[in-house]
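Please examine the structure shown below together with its sequence.

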Amino acid sequence: MQLPYRDQPFDLCPTKIVAVAKNYRAHAAEMNSNVPFEPRFFLKPPSALLAPGGQVRRPVMSRRIEHEVELAVIMGRRGRDIPEEEALEYVAGYTILVDVTARDLQQQAKEQGMPWTIAKGFDTFAPVGPCIIPAAGIDPQILDIWLKVNDEFRQNSNTRHMVFTVARLIAYISRIMTLESQDIIATGTPEGVGPLEPGDSVAAGIESIGILKFTVV
Ligand code: MG
């Protein structure tokens, strides 16, 4: 997939999308959970990526899909065991990713002690864009972040409320798996997650980045 970056098309072909769970206290609370002591994360397949203006498809297997707007980090170079103090030097830029979730299938997986792969992994479950803004000059911890469905606010917060900062997430994740250039880290969603129905129009925004739009079918 191509997204604009410094006025040029940027080929975004990540080897993985690392998605962080429960990284905002108020979202953990709405899921009847606490924030973890260490970052918790799972993987979304790159096949889930959806270009700006695309259509999220509600799968036949699910009766309830939900939106989770997230600040997405695009890695600029390979690293492992990255020190937290140097972590932001590995970032090419930032964009918006909506971590679409089949909440009913996720609930089943939780009850059965199974991974979230199915609930998080359907095609079109990772709308991304509308562009990648260069990391230089951006403080990722002071950005307004919001999502509207059919022009109504559902989520409205600020990245300052993250439990673990972008730098801390990069350091932690890279202790476990090598982060490659173009890999994406979705840094968790603030409170206000809710259902998406066929016919919905969604707009997701982050200050200094732009607005990502998509529809649901
Ligand atoms: Mg999420």
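## Cysteines

Cys131 has a relative accessible area of 17%. Because residues under 20% count as buried, Cys131 is classed as buried. The model discussed here is a predicted one.

A search of the whole structure finds zero disulfides. Cys131 takes part in no disulfide, and the nearest cysteine sulfur, that of Cys13, is 18 Å away. Cys13 is likewise in no disulfide, its nearest cysteine sulfur being that of Cys131. A disulfide would require two cysteine sulfur atoms within 2.5 Å.

## Overall form

The protein contains four helices and 17 strands. Its radius of gyration is 16 Å, close to the 17 Å that the globule rule gives for 217 residues, so the protein is as compact as a globular protein of that length. Along the principal axes, the C-alpha atoms fill a box of roughly 40 × 40 × 30 Å.

Of the 217 residues, 53% are buried. The accessible surface comes to about 9800 Å², and carbon and sulfur atoms account for 49% of it. Among contacts between residues at least 6 apart in sequence, 76% join residues at least 24 apart.

Are Glu70 and Asp99 buried or exposed? Both Glu70 and Asp99 are buried. For Asp99, the relative accessibility is 0%. Leaving aside neighbours within four places in sequence, Asp99 is in contact with Phe42, Lys44, Glu66, His67, Glu68, Glu70, Lys120 and Phe125.

Seven of the seven residues of E8 are buried, so the strand is largely enclosed by the rest of the structure. Both faces of E8 are covered, with Val69, Leu71, Val73 and Met75 buried on one side and Glu70, Ala72 and Ile74 buried on the other.

E8 pairs with E9 in the antiparallel sense over seven bridges. Within this pairing, Ala72 has Thr95 of E9 as its bridge partner. E8 also pairs with strand E14 (residues 184–186), again in the antiparallel sense, over three bridges. Here the bridge partner of Ile74 is Ile184.

## Helix H4

How many of the eleven residues of helix H4 (residues 166–176) are buried? Eight are, so the helix is largely enclosed by the rest of the structure. The buried residues are Val166, Ala167, Leu169, Ile170, Ala171, Tyr172, Ile173 and Ser174.

Against which elements do these buried residues pack? They pack against strand E3 (17–21), strand E4 (40–44), E8, E9 and E14.

## A buried loop residue

Asn23 is placed in the loop between E3 and helix H1 (25–30). Its relative accessible area is 0%, and Asn23 is therefore buried. Leaving aside neighbours within four places in sequence, Asn23 is in contact with His161, Met162, Val163, Phe164, Leu169, Thr187 and Gly188. One of these contacts, Leu169, is a buried residue of H4.

## A five-strand sheet

An open sheet of five strands has the order E6-E17-E16-E12-E13, and its pairing is mixed. At the edges stand strand E6 (55–56) and strand E13 (152–158), each with a single partner strand, so one side of each is left without a neighbour in the sheet.

Within this sheet, strand E16 (residues 201–206) and strand E17 (residues 210–216) pair in the antiparallel sense over six bridges. In this pairing, Val202 has Phe214 of E17 as its bridge partner.

Methods:
Residues numbered from 1 in each chain as written. Predicted model: local features only at pLDDT ≥ 70, side-chain atom pairs only at ≥ 80, totals over all residues. Heavy atoms only, no water. Buried < 20%, exposed > 50% of the residue type's maximum accessible area, 1.4 Å probe, protein only. Helix = DSSP H or I, 4+ residues; strand = E, 2+ residues; numbered from the N terminus. Pairing = 2+ DSSP bridges. Contact = heavy atoms within 4.5 Å. Rg over C-alpha atoms; globule rule 2.2 N^0.38 Å. Areas by Shrake-Rupley, 256 points an atom, 1.4 Å probe, with all protein chains shown as cover.
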